[in-house]
Amino acid sequence: MADELKKQTATASSFPEHGPVDETGKEVLLEVKNVDITFGKGDSAVRAVQDASFKIYKGETFSLVGESGSGKTTVGRAVIRVNPCAAGEIDYKGVRISGKIPHSLDREVIRNIQMVFQDPAASLNERATVDYIVSEGLYNFHLYENEADRVQKVEKMIEEVGLLPEHLTRYPHEFSGGQRQRIGLARAMVMEPELVIADEPISALDVSIRAQVLNLLKKFQKERGVSYLFIAHDLSIVRFVSDHIGVIYKGNIVEIAPTEELFDYPLHPYTHSLISAVPIPDPQLEKNKVLYTYDPSIHDYSEDKPELVDIGHDHFVYGNKKEIEQYKALRDKNIRMKSITIRDENSVKEAQKDAPDIVTKDDEPTLRGSDYILDRPLHDTGSIWYLVLSFFLPIIGLIMAGIFRSKNYIRNYKQCKKGAIISLCIIAALILLFLIFLFISAHA
C-alpha cells in the first residue's frame with residue numbers, strides 16, 4: 001500500500017531519484033508492460049504491436065531487432081509518448097508515463113528521454129543554424145545560467161561529437177550525413193538525458209562512418225551512464241553495443257536474452273533466421289552459407305495460445321506450452337547452437353562437376369543453381385546491336401549464336417538467335433510470295 005501511494009505521489013509531481021530494483025539487483029529504468037499499440041478504429045484498426053514487455057536497466061543498452069515493419073520504431077515512439085498505448089503501460093523509474101499524465105510529468109519525460117532519429121536529414125530543421133538546433137532543448141527547459149553558460153555547453157557538446165565550434169553558425173544542408181547524425185546526437189546529449197532512444201541511427205550512414213557513431217554512443221554511456229533503447233535490423237551491429245536483445249516479429253516480441261546468450265542459444269526460429277542472414281566477410285564462405293528462412297506456418301496456435309515465457313538464464317521465448325517445453329529441453333542441454341551453416345566446399349564442387357553447366361528449359365539455356373549470376377561473363381550484355389546484325393546477316397547471326405551459347409554468353413545468344421529467326425522468317429515469306437506470284441503469272 002505504501003509503495004502504491006509512493007507511486008501515485010511520484011506520478012502527480014515528478015520522477016523519483018532512482019527506479020525500482022528487481023530480483024537481479026539492477027535498477028529498472030524503463031519497463032514496458034503488456035503494451036498494445038493500435039492504429040485506426042473499428043474494422044480498419046491495425047494492431048501494430050501486441051503484448052510487448054521488456055525492461056531496460058540503468059546504464060545498459062537494450063536493442064530491439066526485427067525486419068522492416070515489425071513494430072520497432074512504433075515501440076520507441078510510444079516510449080516518448082508520440083504513439084498512444086491501446087493497452088498495457090510504460091513505466092519510467094516505476095512511474096507510469098503512458099496515457100494521461102500531469103503536464104509537469106510530461107515535461108520531465110521530454111527532459112529525461114531523448115531520441116536520435118534514423119534519417120539525419122529529415123530530423124533537423126533546415127532553416128535553423130546548428131547552434132539553435134543544439135540549444136533548442138536548453139532554451140525550452142532553461143538549462144543554463146546565462147548566455148555564456150549556454151554557449152559553453154553547446155561548444156563543449158559539439159566538440160564531444162567530433163565537430164568544431166565554427167560549425168555552429170552553419171545550416172544542416174552544409175553537412176554530410178555522418179555530420180548531421182552527430183548534430184542530432186549532440187542535440188539529444190546536451191539535455192543530459194538518462195535514456196536515449198536510438199532509432200536505427202546508423203542505417204543511413206556509410207560503413208566507414210557507422211563505427212564512429214557507435215563508438216560515440218558507447219563513449220557517452222561510459223562517461224555519463226546513459227541507457228539506450230537501440231532500434232536496428234542488423235544483428236551484427238547490435239552485438240557490439242547491446243547488453244540485452246529483444247527480437248520482434250510482426251508486432252510480437254518472440255525472444256529476449258542477454259547478447260551472448262541470444263547468439264549462443266537462439267531458440268526461436270525467427271531469431272535463427274536473422275542470425276543466419278548476418279553477412280560473413282569471407283566471400284567464399286558467404287557464397288556457401290545456408291540461409292535459414294522463417295516460416296510462421298510451423299506454429300499451431302489455434303488452441304494453445306502462445307506467450308512470452310522465462311525459460312531460465314534470463315532468456316524469454318515466445319511460444320505455446322509444447323514449444324516452451326522443447327525450448328527448455330534444448331537450453332538445458334547447454335550446448336551452443338549452430339546458427340550459421342556452411343556447405344562443404346568439396347561436396348559443392350563435386351556436385352557442380354557432375355552436373356552440366358547449362359540446362360535447357362523451354363529451349364532456353366540457363367545456368368544451374370545460384371551460380372547463374374556469379375558465373376555469367378562480364379560482357380554478356382544482350383545488346384540490341386546483336387539482334388540488328390543477325391537480322392541483316394542471319395547466317396552469321398546463327399554462327400555467332402552458336403559461339404555465344406558454347407561460351408555461356410546467354411543474353412548475347414538470345415539476341416543473335418532472335419534476330420536470325422526473324423530475318424529467316426521474313427526471307428521465307430518473301431520467297432513464298434515470289435513463288436506464288438510466278439505460279440499465278442504462268443497460268444494467267
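These questions and answers walk through a predicted model.

Visitor: Is strand 9 largely enclosed or open, judged by how many of its residues are buried?
Guide: Strand 9 covers residues 244–249. Buried means under 20% relative accessible area. Six of the six residues are buried, so strand 9 is largely enclosed by the rest of the structure.

Visitor: In which sense does strand 3 pair with strand 9, and which residue of strand 9 is the bridge partner of Ser63?
Guide: Strand 3 spans residues 61–65. Four bridges link strand 3 to strand 9, in the parallel sense. The bridge partner of Ser63 in strand 9 is Ile245.

Visitor: Which residue of strand 10 is the bridge partner of Ile245?
Guide: Strand 10 runs over residues 252–258. Strand 9 pairs with strand 10 in the antiparallel sense, over six bridges. Across from Ile245, the bridge partner in strand 10 is Ala257.

Visitor: What is the phi of Lys250 in the turn of the hairpin?
Guide: Strand 9 and strand 10 form the hairpin, with two residues between them. Lys250 sits in that turn. Its phi is positive, about 50°.

Visitor: Which residue of strand 4 stands opposite Glu31?
Guide: Strand 1 (residues 28–39) and strand 4 (residues 87–92) run antiparallel. Five bridges join them. Opposite Glu31 stands Asp91.

Visitor: Is Asn34 buried, partly exposed or exposed?
Guide: Asn34 belongs to strand 1. Its phi is positive, near 45°, in a residue other than glycine. The relative accessibility is 42%, so Asn34 counts as partly exposed.

Visitor: What is the relative accessible area of Lys93?
Guide: Lys93 lies in the loop between strand 4 and strand 5. Lys93 is not a glycine, yet has a positive phi of about 55°. Lys93 is buried, with a relative accessible area of 7%.

Visitor: Which helix gives the most to the nonpolar patch?
Guide: The patch takes up about 1,000 Å² of surface, with Ile395, Leu424 and Phe437 among its residues. Helix 16 (394–406) and helix 17 (410–442) each supply at least two residues. Seven residues come from the leading contributor, helix 17.

Visitor: What is the relative accessible area of Ile403?
Guide: Ile403 is one of the residues making the nonpolar patch. Ile403 is found in helix 16. Ile403 is partly exposed, at 46%.

Visitor: Which element gives the largest share of the lining of the largest cavity?
Guide: About 40 Å³ of space lies in this cavity. Its lining includes Thr61, Leu217, Tyr228 and Val241. Helix 7 (207–224) and strand 8 (227–232) each supply at least two lining residues. The largest share, three residues, comes from helix 7.

Note on methods
Residues are numbered from 1 along each chain as its sequence is written. This is a predicted model: local features need pLDDT of at least 70, side-chain atom pairs count only at pLDDT 80 or more; totals for chains, interfaces and linings use all residues. Side-chain values use heavy atoms; hydrogens and water are left out. Buried means under 20% relative accessible area, exposed over 50%, partly exposed in between (1.4 Å probe, protein chains only). Two strands pair if DSSP finds at least two bridges between them. Patches are made of residues with over 30% relative accessible area and no salt bridge: like charges are joined within 9 Å, nonpolar side chains (Val, Leu, Ile, Met, Phe, Trp, Tyr) within 5 Å. Accessible areas come from the Shrake-Rupley method with a 1.4 Å probe; for residues, only the protein chains shown count as cover. A salt bridge is a side-chain nitrogen of Lys or Arg within 4 Å of a carboxyl oxygen of Asp or Glu. On a 1 Å grid over the protein atoms alone, a cavity is a set of points where a 1.4 Å probe fits but cannot get out, and a pocket is an open set with protein on both sides within 12 Å along at least five of seven lines; lining residues have an atom within 4 Å of a point. Grid points are joined across faces, edges and corners, and a volume is the space filled by probe spheres set on the points.
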